[in-house]
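Me: Hi! I'm new to this one and would like a friendly walk through it. Could you show it to me?

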Amino acid sequence: MGSSHNSRRASVPALPLWHKLLVGASAGIAGTSLIYPLDILKTRLQSSPTRLSLAQGLALLRGGGLYRGFSACLVGIAPEKAIKLAANDALREHFLRAKAPAQGLAVWEEVAAGSVAGFLQLFVTVPYESVKIRLQMHAGPPLSALRLLQQTRHVSELYAGFGATLLRDVPFCLLFFPLYAQLKALQARDGGRRGERGEGEGEGKEEEEEPFYAGLLAGVGAGAVSAVLVTPADMLKTRIQQGLHGGRALLPFARAVVRAEGAAALFRGWQTRMLVIAPLYGLVSLCFEAQKRWLAARPSA
């Protein structure tokens, strides 16, 4: 990354870990609350043994409620996003402390930070999504998360699909965070070139602060690409957590799905998943960056 981008980075002081966790949690809740109905649609499309059109999927939602299972989401999304965003941010800052101000992260450092963040979140993500999916697909009157947990016989049931979630979330973070950083850096370079072409502005003019929408655009772009590429793992995880795998391990189950429904079935629901993840991570990234700036600007920070 160029020095202009890093000067912007240096202008936002590092926050303590508890601030990062708080910011990540609140950003996750804000983004997920807006996108949640699309998440239910994605679950239903991936769970169907036959390919459903978007219109057919929407028809399934009419009688089921757009926020079915949202109670589990509220409990789980805050720690999940807090761990993911805070761990990645803390690791990136750890790597940057050993570098000169004008020096950016190496690719392996960006990948390492994203991968560790993706792994750490699994211990919250797997049980939370297991409960969420069972609530989303529950037939009959809505069931509370507490009631479903009371019906769970063993903790291991909540960690069904751990392997598939690992194959989804670690590659997702490995792709998302470096791509997000590069997209933000690209916007910073474009902004710098526009400033250089400005009408007679003096050379000593102080560089403008990164625009508020930089995180939004970078989050949408990185989220869309990353979400589509890991759809097969997400599709398998969804079915495993519903108990549709017939007791088979991950790879035998994946082979059975391909034999019965074709390889394209592994990407079922990719459009809806992209429509969920791209705006969600755009909103979460926007909130995360905005709150970081606000907290860093406070006198007590």
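Me: Good to know. How many helices and strands does the protein have?

Reply: There are twelve helices and zero strands. Read from the N terminus, the elements go α-α-α-α-α-α-α-α-α-α-α-α.

Me: And what percentage of the residues count as buried?

Reply: The protein has 301 residues, and 47% of them count as buried. As for contacts between residues at least 6 apart in sequence, 85% join residues at least 24 apart.

Me: Let's talk rings. How many aromatic pairs does a search of the whole structure find?

Reply: The search turns up twelve aromatic pairs. One of them is Y36 with F70: the ring centres are 5.0 Å apart and the planes stand at 65 degrees, so this pair is edge-to-face.

Me: Where do Y36 and F70 lie?

Reply: Y36 belongs to helix α2 (residues 17–47) and F70 to helix α4 (residues 70–97), so the pair ties together parts that are 34 residues apart in sequence.

Me: Are Y36 and F70 buried or exposed?

Reply: Both Y36 and F70 are buried.

Me: OK, what about F176 and Y180, how is that aromatic pair arranged?

Reply: That pair is stacked, with 5.7 Å from centre to centre and 15 degrees between the planes. F176 and Y180 are both in helix α8 (residues 162–196), four residues apart, which is about one turn of the helix.

Me: Buried or exposed, those two?

Reply: F176 is buried, at a relative accessible area of 1%. Y180 is buried as well, with a value of 10%.

Me: Which residues do ring pairs link into a cluster?

Reply: The cluster holds F172, F176, F177, Y180 and Y281.

Me: Now helix α10. Why is it described as largely enclosed by the rest of the structure?

Reply: Helix α10 covers residues 231–241, and eleven of its eleven residues are buried, so the helix is largely enclosed by the rest of the structure. Among those buried residues are T231, D234, K237, R239 and Q241.

Me: What follows α10?

Reply: G243 follows α10, and the phi of G243 is positive, near 80 degrees.

Me: Last topic: what is the mean pLDDT of the protein?

Reply: The mean is 82, and 84% of the residues reach 70 or more. Over residues 1–12, though, the pLDDT is below 50, and this stretch has 29 contacts in the model beyond near neighbours in sequence.

Me: Where else does pLDDT stay under 50?

Reply: Over residues 200–207, for which the model has three contacts beyond four places in sequence. Where pLDDT is low, the predicted coordinates should not be read in detail.

How values were computed. Residues are numbered from 1 along each chain as its sequence is written. This is a predicted model: local features need pLDDT of at least 70, side-chain atom pairs count only at pLDDT 80 or more; totals for chains, interfaces and linings use all residues. Side-chain values use heavy atoms; hydrogens and water are left out. Rings of Phe, Tyr and Trp (its six-membered ring) pair if their centres lie within 6.5 Å; planes under 30 degrees apart count as stacked, over 60 as edge-to-face and the rest as tilted. Helices (H or I, at least four residues) and strands (E, at least two) are DSSP runs, numbered from the N terminus. Buried means under 20% relative accessible area, exposed over 50%, partly exposed in between (1.4 Å probe, protein chains only). Contact means heavy atoms within 4.5 Å. pLDDT is the predictor's confidence in each residue, from 0 to 100.
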